[in-house]
Amino acid sequence: MALRPTATKTDVQEAFRLFKNSTMEAMNSGVQELTLDSAQVEEIHKVEAAVRRRLGVGMTALYQTLRAEFLRQGFAPPVVDRALLIMTRREEIEWKQQRKYLTRRR
């Protein structure tokens, strides 16, 4: 690959190869980080269900308030954060205004 005004077929193939390899590496590193035991998975599912009950589709809530509610309900902070991360990756919720607010998308 070289810096030229036009791209050749070889340049495009190399770009696809690099993208595929970097994507697979990122995915594999994320899977290793998210290795959970069955108790943690069950707890995360409980937090996800609580988020769905608390936030209707299209509703927005202040992140700090939502997190404090779940902590008062007895959920551990890392479990709450992990559940929100998973739901964000599934595009069920999204962050708004520099991660101040959470909006439920579906």
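Which residue forms a salt bridge with lysine 46, and how far apart are the closest N and O atoms? Glutamate 42 does, and the closest N and O atoms are 3.8 Å apart. The views below come from a predicted model, in which local features need pLDDT of at least 70, side-chain atom pairs count only at pLDDT 80 or more, and totals for chains, interfaces and linings use all residues. Residues are numbered from 1 along each chain as its sequence is written, and side-chain values use heavy atoms, with hydrogens and water left out.

**View 1. Lysine 46 and glutamate 42 form a salt bridge.** A salt bridge here is a side-chain nitrogen of Lys or Arg within 4 Å of a carboxyl oxygen of Asp or Glu. Both residues lie in helix 2, 4 residues apart, about one turn of the helix. Helices (H or I, at least four residues) and strands (E, at least two) are DSSP runs, numbered from the N terminus. Lysine 46 is partly exposed at 41% relative accessibility. Glutamate 42 is partly exposed too, at 46%. Buried means under 20% relative accessible area, exposed over 50%, and partly exposed in between (1.4 Å probe, protein chains only).

**View 2. Glutamate 14 and arginine 17 pair within helix 1 (residues 9-33).** Their closest N and O atoms are 2.7 Å apart in a salt bridge. The two residues are 3 places apart, about one turn of the helix. An α-helix has 3.6 residues a turn, so residues three or four places apart point the same way. Glutamate 14 is partly exposed at 27% relative accessibility. Arginine 17 is partly exposed, with a value of 41%.

**View 3. Arginine 4 meets aspartate 11 in a salt bridge.** The N to O distance is 2.7 Å. Arginine 4 is partly exposed, at 43% relative accessibility. Aspartate 11 is buried, with a relative accessible area of 8%.

**View 4. Salt bridges link Glu48, Arg52, Arg90 and Glu92 in a network.** The structure holds 11 salt bridges.

**View 5. The largest nonpolar core has 18 residues.** Such a core is a set of buried Ala, Val, Leu, Ile, Met, Phe, Trp, Tyr and Cys residues joined through side-chain atoms within 4.5 Å. Val47, Val51, Phe70 and Leu84 touch the most other members. Helix 2 (38-54), helix 3 (63-72) and helix 4 (77-89) each supply at least two residues of this core. Helix 4 gives the most, with 6 residues. Valine 47 touches Phe75, Val79, Val80 and Ala83, not counting residues up to four places away in sequence. Contact means heavy atoms within 4.5 Å.

View 6. Tyr63, Leu66, Arg67, Glu69 and Phe70 are its buried residues. The buried residues pack against helix 2, strand 1 (60-62), helix 4, strand 2 (93-96) and strand 3 (101-104). Just after helix 3, glycine 74 takes a positive phi of about 105°.

**View 7. Strand 2 and strand 3 pair in the antiparallel sense.** Strands pair if DSSP finds at least two bridges between them. Tyrosine 101 in strand 3 is the bridge partner of lysine 96. The hairpin has 4 residues between the strands, and glutamine 97 takes a positive phi near 45°.
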